[in-house]
Amino acid sequence: MTSLAQRTSGLVQRRTEAIRSAAADKEKESGGEEEEARRGEDDDDDKGDSKETRLTLMEEVLLLGLKDREVICKSDAPTGDVLLDEALKHIKETQPPETVQSWIELLSGETWNPLKLHYQLRNVRERLAKNLVEKGVLTTEKQNFLLFDMTTHPLTNSSIKQRLVKKVQDSVLEKWVNDPHRMDKRVLALILLAHSSDVLENAFAPLQDDQYDLGMKRVHTLLELEPEKESAKPNANELMWAVVAAFTK
């Protein structure tokens, strides 16, 4: 118990120091580092993905959970992701269109309007866990808690989670490019959503202190960006930055 408390205290202290360091000075990266990062940016990200298990972004967040613009559904073609297809169906059928912030509230069930409760995506965590069980990442067990049984989903394939953790770590360490628009959009979205879900710490906990501090400093560099300005830049994914604005406001 003492060692666990010391470990927890150490993580909190490291996180606090990283935040203070990020606020104290903005890091300036050398051109040499950027060039090296560009060369290795895509070398090993998903080498095994074509032959091994591919996870959706929401599943990755679980495995590690613009503000006033309207969302227009340009295509409702099936994506292969049941939750995303369900959300697209709601978006297409809703007139007048809702904003990103409104859709986050509606799909999560956090709306105060009882007439719009039908928009809520039901049992999201359980459905994501079931998908991961079907992909062989998790398993299903029954655990007894006093008077009732509870279904749990322990990790059964640790290599997939380790690869995911390594991808997150590399994106802010060895493969850091110091420009969000040159980062892989999926990885960038994963980092920002994982931070909003308070699970990003799980990926950084195994790092050495100096790597942890550097990684957290770079994450806070991303969090300090202004989504509306970033969305206006060439080739920017406007919807992604709109979601970022809604979660980090």
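Which relative accessibility does lysine 229 have, and does lysine 229 count as buried or exposed? At 55% relative accessibility, lysine 229 counts as exposed, where exposed means over 50% relative accessible area, buried under 20% and partly exposed in between, with a 1.4 Å probe and protein chains only. This is a predicted model, in which local features need pLDDT of at least 70 and side-chain atom pairs count only at pLDDT 80 or more, whereas totals for chains, interfaces and linings use all residues. Residues are numbered from 1 along each chain as its sequence is written, and side-chain values use heavy atoms, with hydrogens and water left out. Helices (H or I, at least four residues) and strands (E, at least two) are DSSP runs, numbered from the N terminus.

**Nonpolar cores**

- In soluble globular proteins, nonpolar side chains tend to be buried together.
- A nonpolar core is here a set of buried Ala, Val, Leu, Ile, Met, Phe, Trp, Tyr and Cys residues joined through side-chain atoms within 4.5 Å.
- The largest such core has 27 residues, of which Ile191 and Phe204 touch the most other members.
- At least two residues of this core come from each of α7 (158–172), α8 (185–196), α9 (200–204), α10 (209–223) and α12 (238–248), and α8 gives the most, with seven residues.
- A second, separate core comprises 13 residues, among them Val71, Ala87, Ile91 and Val100.

**Aromatic pair**

- The structure holds one aromatic pair, the criterion being that rings of Phe, Tyr and Trp (its six-membered ring) have centres within 6.5 Å, with planes under 30 degrees apart counted as stacked, over 60 as edge-to-face and the rest as tilted.
- The ring centres of tryptophan 103 and tyrosine 119 are 5.3 Å apart and their planes stand at 85°, so the pair is edge-to-face.
- Distant parts of the chain are linked by this pair, since tryptophan 103 belongs to helix α5 (residues 100–108) and tyrosine 119, 16 residues apart from tryptophan 103, to the loop between α5 and α6 (124–134).
- Both tryptophan 103 and tyrosine 119 are buried.

**Salt bridges**

- Six salt bridges are present in the structure, each defined as a side-chain nitrogen of Lys or Arg within 4 Å of a carboxyl oxygen of Asp or Glu.
- One of them joins the side chains of glutamate 93 and lysine 89 at 3.2 Å, N to O, and because these residues are four apart in helix α4, they are separated by about one helical turn.
- Glutamate 93 counts as exposed, at 54% relative accessibility.
- Another joins lysine 166 to aspartate 170, with the closest N and O atoms 2.7 Å apart; being four residues apart in helix α7, these two are likewise separated by about one helical turn.

- Glutamate 98, placed in the loop between α4 (82–93) and α5, counts as buried at 15% relative accessibility, and its side chain makes a polar contact with the side chain of lysine 116 (2.8 Å).
- Tyrosine 212 lies in helix α10 and, at 0% relative accessibility, counts as buried; its side chain makes a polar contact with the side chain of glutamate 201 (2.9 Å).
- The C-alpha atoms of tyrosine 212 and leucine 173 are 9.3 Å apart, although 39 residues separate the two along the chain.

**Surface and loops**

- Phe145, Leu146, Leu147, Phe148 and Met150 together form a nonpolar surface patch with about 600 Å² of accessible area.
- Patches are made of residues with over 30% relative accessible area and no salt bridge, with like charges joined within 9 Å and nonpolar side chains (Val, Leu, Ile, Met, Phe, Trp, Tyr) within 5 Å, and accessible areas come from the Shrake-Rupley method with a 1.4 Å probe, only the protein chains shown counting as cover for residues.
- Leucine 146 is found in the loop between β1 (141–145) and β2 (148–152) and counts as exposed, at 79% relative accessibility.
- Proline 154, in the loop between β2 and α7, counts as partly exposed at 26% relative accessibility.
- Proline 154 and valine 133, 21 residues apart in sequence, are 9.4 Å apart in space, C-alpha to C-alpha.

How values were computed: A polar contact is a pair of N or O atoms within 3.5 Å; within protein, one must be able to donate a hydrogen and the other to accept it, and residues adjacent in sequence count only if both atoms are side-chain atoms.
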